Amino acid sequence: MTRGDALPAAIVAEGLVKRFGSRTAVAGLDLSIAPGEIYGLIGPDGAGKTTTLRMLATVARPDSGAVRVLGLDAARSAAAIRQRIGYMSQQLSLYSDLSVLENLEFHADIFAVRGALRRERINSLLEFARLTEFKDRWAGRLSGGMKRKLGLACSLVHRPEVLFLDEPTTGVDPVSRREFWDILSELHLEGVTIVVTTPYMDEAERCSRVGLIYRGRLISEGTPAGIKATREGELVELRPVGEGSASAVLRRAEAVLAGVRGVSEVQTYGDLLRLYVDDAARRMPELEEALRPLGITPEGLRRARPRMEEAFISLIQRQAAAEDLE
């Protein structure tokens, strides 16, 4: 499904505001998500991602603004919406003293999935989530990754048209994360609309579109490639090596390189510096020259391909600087 299709949006949010006491968690957020998209909500901790997702899933009511899901007004038709969506929170709604199969049966009961359809759907989900051989194991004895897959299977037992997932792979090992996203990709191919919050930029790269939330506002939105292209200039990477502790060398190099002509931004990644420059071929020798008086060698100096992390940090830094000027 593409954004050019004539079908109406699966999810629309207009002017969403949510406050907790004196703190504004979401501040006038607008959103439109097309049918069949995997839409990723990304942002730093406390940006408002979970609160936004809870309002879209009708779990929380906005203080002002409106939400429509599958054409239904969330303020008037929340119960009807919940019959057509799946929601998986960070705190999984699993019963540790029930088996995998019993957890699925419990969720089938909630959504009144009965008879032959119930057996067919549960068996299908066990296979889909790669849990068939573990169906008699207590949920409390599953690994973190298997719990996440069971939580997803439970949220799918009633065949939802829209799926809301709040950081579904946090704390899960890399192999289980990849398996989980393989399952999401299969759902995407089946036309399920998926809205997911994630702290992992490699997961954001797998979304159809992403929205970057900062201080309760949507500050950038687009395809992963489009988001990465928002930062002008070329990217250069180096590892500063010199006398003293690695952290001290890194700080000295960062301070000097930030002042080199043509350098618009310096970001730190572990023991690496990644710099946005206006012309990589021209500036790389100048970077070496700027570090030489400090006795610092720029090991591995090279052009680098922009990643979601760089775009994410750059957009946040620019937004924070703009708000500080207000």
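**Salt bridges, helices and loops**

Me: What do the side chains of K149 and E179 do?

Reply: They meet in a salt bridge, 3.0 Å from N to O. The term covers a side-chain nitrogen of Lys or Arg within 4 Å of a carboxyl oxygen of Asp or Glu.

Me: Which helices are the two in?

Reply: K149 lies in helix α5 (residues 144-155) and E179 in helix α6, so the pair ties together parts that are 30 residues apart in sequence. Helices are DSSP runs of H or I with at least four residues, strands are E runs with at least two, and both are numbered from the N terminus.

Me: Is K149 buried or exposed?

Reply: K149 counts as buried, at 6% relative accessibility, while E179 is partly exposed at 29%. Buried means under 20% relative accessible area, exposed means over 50%, and partly exposed is in between, using a 1.4 Å probe and protein chains only.

Me: Where does this model come from?

Reply: It's a predicted model, where local features need pLDDT of at least 70 and side-chain atom pairs count only at pLDDT 80 or more, but totals for chains, interfaces and linings use all residues. Residues are numbered from 1 along each chain as its sequence is written, and side-chain values use heavy atoms, with hydrogens and water left out.

Me: OK, back to the structure. How many salt bridges does it hold?

Reply: There are 23. One of them joins R307 and E310, at 3.1 Å from N to O. R307 is partly exposed at 33%, whereas E310 is buried at 0%.

Me: Which residues are linked in a network of salt bridges?

Reply: E237, R274, R302, R307, E309 and E310.

Me: And what about R303 and E234?

Reply: Their side chains make a salt bridge too, 3.3 Å from N to O. That pair links distant parts of the chain, with R303 in strand β14 (residues 297-304) and E234 in strand β11 (residues 234-241), 69 residues apart. R303 is partly exposed at 45%, and E234 is partly exposed at 31%.

Me: Let's zoom out. How many helices and strands does the chain have?

Reply: It has 11 helices and 14 strands. The C-alpha atoms fill a box of roughly 80 × 45 × 40 Å along the principal axes. Of the 326 residues, 47% count as buried.

Me: How do α9 and α10 pack?

Reply: Helix α9 (residues 246-257) and helix α10 (residues 280-291) pack at about 125 degrees, and their axes are 10 Å apart. Axes are lines fitted to C-alpha atoms, for helices over the stretch in contact, and angles run from 0 to 180 degrees between N-to-C directions. The two helices are therefore oblique to each other. Under 35 degrees would be roughly parallel, over 145 roughly antiparallel, 65 to 115 roughly perpendicular, and the rest is oblique.

Me: New topic: which loop is L70 in?

Reply: L70 is in the loop between β4 (64-69) and β5 (72-73). Its phi is near 55 degrees, a positive value in a residue other than glycine. L70 is partly exposed at 22%.

Me: What is the phi of E167?

Reply: E167 has a positive phi of about 45 degrees, although it is not a glycine. E167 sits in the loop between β7 (162-166) and α6 (174-189), and it counts as buried at 11%.
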